[in-house]
Amino acid sequence: MTELPRDDRSFTTARGPARFAACEEDGVPGVEHAAGGRGTLCGIPDARVTRYRHLFVTRRLPTLRSRRSCGRCRDIVRR
């Protein structure tokens, strides 16, 4: 039989939107991707990306840093 942890945590309280680290493909500046376990959500291998210390944000238009988000990563995150 499965028991709940003693501090009243459960799967229902753990549900929430997933958050992904931001990364950029090496040699292709200006487009941020969502970093997954082995690369980006859109399929770029981990060896070809630089990860950043901020979260991936879905945005179509460039920001002050002139970055926009990858369309495929944006669609996957919004599902």
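**Core, strands and a buried glutamate**

Analyst: The largest nonpolar core has 11 residues in all, namely Ala22, Cys23, Val31, Ala34, Ala35, Cys42, Ile44, Val49, Phe56, Cys70 and Cys73. Such a core is a set of buried Ala, Val, Leu, Ile, Met, Phe, Trp, Tyr and Cys residues joined through side-chain atoms within 4.5 Å. This is a predicted model, in which local features need pLDDT of at least 70 and side-chain atom pairs count only at pLDDT 80 or more, while totals for chains, interfaces and linings use all residues. Residues are numbered from 1 along each chain as its sequence is written, and side-chain values use heavy atoms, with hydrogens and water left out.

User: Which element gives the largest share of this core?

Analyst: The elements that give two or more residues to the core are E1 and E2, strands being DSSP runs of at least two residues and helices (H or I) runs of at least four, numbered from the N terminus. The largest share, 3 residues, comes from E2.

User: How many residues of strand E2 are buried?

Analyst: Buried means under 20% relative accessible area, exposed over 50%, and partly exposed in between, with a 1.4 Å probe and protein chains only. Strand E2 covers residues 31-35 and is mostly covered, the number of its buried residues being 5 of 5.

User: Which residue in E2 is the bridge partner of Cys23?

Analyst: Two strands pair if DSSP finds at least two bridges between them, and E1 and E2, which run antiparallel, are joined by 4. Within E2, the bridge partner of Cys23 is His33.

User: With which side chain does the side chain of Glu24 make a polar contact?

Analyst: Glu24 is found in strand E1, residues 21-25, and is buried, with a relative accessible area of 10%. A polar contact is a pair of N or O atoms within 3.5 Å; within protein, one must be able to donate a hydrogen and the other to accept it, and residues adjacent in sequence count only if both atoms are side-chain atoms. A polar atom of the Glu24 side chain lies 3.1 Å from the backbone nitrogen of Gly30. The side-chain partner, at 3.0 Å, is Tyr52.
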